[in-house]
Amino acid sequence: MIDLDTKEFYDEFWPKHVPIYEKTKAYMLETITERQVGRALDAGCGHGICSVVLSELADTVTAVDLSTDSLATAREQAARFGRGNISFHHQDLQTLAPEFRAFDLVWCWGVAMMAPDPMKVMHNLMRATAPGGTVYLGLYLKTWLSPVHQGVRHFCRRFMNTPRRKKLVLDFFAGLTNLVCRLRGQEINRRDDNVSIQAQVDDWYYPPYKTFYSIEEILDLFRRNGFEASCIQDRLGRMKSATIFVVRAVKQAQA
Ligand SMILES: C[S@@+](CC[C@H](N)C(=O)[O-])C[C@H]1O[C@@H](n2cnc3c(N)ncnc32)[C@H](O)[C@@H]1O
């Protein structure tokens, strides 16, 4: 069963906003410790740029996503960079097929918390990891602002979701960001690897599902399932986002 709401959102989003390869690569090489990997899984590959970077570290990359238009974009990126060791699959990570297994490295950045049932995704990622393999999981951090964010997001999706209204919201937040930054004499905190503030606002307020987590509950989840886990980035990194943390978890041999 494919989550059709999320599919629809990313079918629209990724074909229009492919990140800059060099920026994504720099971030991934900073984040991933391993340099020679056998089988890698890009879980929720979206635009496919992360799959391209992984394919330079791994013998083979299996890239899955539920958005067919994103997968088409990802295939174009693999061709553009001449990478022949990536296979693409239409899968919902909540119901990931059992043959997706024994991966030495699992990359799942900005994906699991977009599912209606993120725990199903996380359990499937743990199941798909080979003993000794490593999971890199990037999730939204739960803070006191998370309920405010959820309120605005539900409002936007419910009442401001026609093309004209959505444009109003995106332009409003872009204008507000410009104004606040100008008044503070700051530069706008633009996401390195995306094109416009409007696109950032879209990706922030319009995805159909979002769940925020504490670092402790995710570390605990991995540890209970036989992984050695640590938080390697807390509100830093790729998207200069104050809300993402990244956990690195290694599956113990007996898990
Ligand atoms: C924010 S994007 C992240 C893309 C990429 N991982 C990156 O770091 O740039 C989220 C991606 O996850 C995919 N996705 C969300 N829920 C999913 C699910 N349940 N199964 C598979 N893919 C999913 C979306 O289609 C989208 O391409």
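**View 1. Helices H7 and H8 cross with their axes within 9 Å and at roughly 115°.** Axes are lines fitted to C-alpha atoms, for helices over the stretch in contact, with angles from 0 to 180 degrees between N-to-C directions. The crossing of H7 and H8 is right-handed (near helix turned clockwise from the far one by less than a right angle). Helices are DSSP runs of H or I, at least four residues, numbered from the N terminus. The model is predicted: local features need pLDDT of at least 70, side-chain atom pairs count only at pLDDT 80 or more, and totals for chains, interfaces and linings use all residues. Residues are numbered from 1 along each chain as its sequence is written, and side-chain values use heavy atoms, without hydrogens and water.

**View 2. Residues in the contact of H7 with H8.** H7 supplies Lys166, Leu170, Asp171, Phe173, Ala174, Thr177 and Asn178. H8 supplies Ile197, Gln198, Val201, Asp202 and Tyr205. Contact means heavy atoms within 4.5 Å. By class, there are six nonpolar, three polar and three charged residues (Ala, Val, Leu, Ile, Met, Phe, Trp, Tyr, Cys and Pro nonpolar; Asp, Glu, Lys and Arg charged; the others, Gly among them, polar).

**View 3. The second largest pocket, about 430 Å³ in volume.** A pocket is an open set of points on a 1 Å grid where a 1.4 Å probe fits, with protein on both sides within 12 Å along at least five of seven lines; lining residues have an atom within 4 Å of a point. The volume is the space filled by probe spheres set on the points, joined across faces, edges and corners. Of 18 lining residues, Phe9, Glu12, Asn161, Lys166 and Asp202 are closest to the centre. H1 gives the largest share, five residues.

Note on methods: Helices (H or I, at least four residues) and strands (E, at least two) are DSSP runs, numbered from the N terminus.
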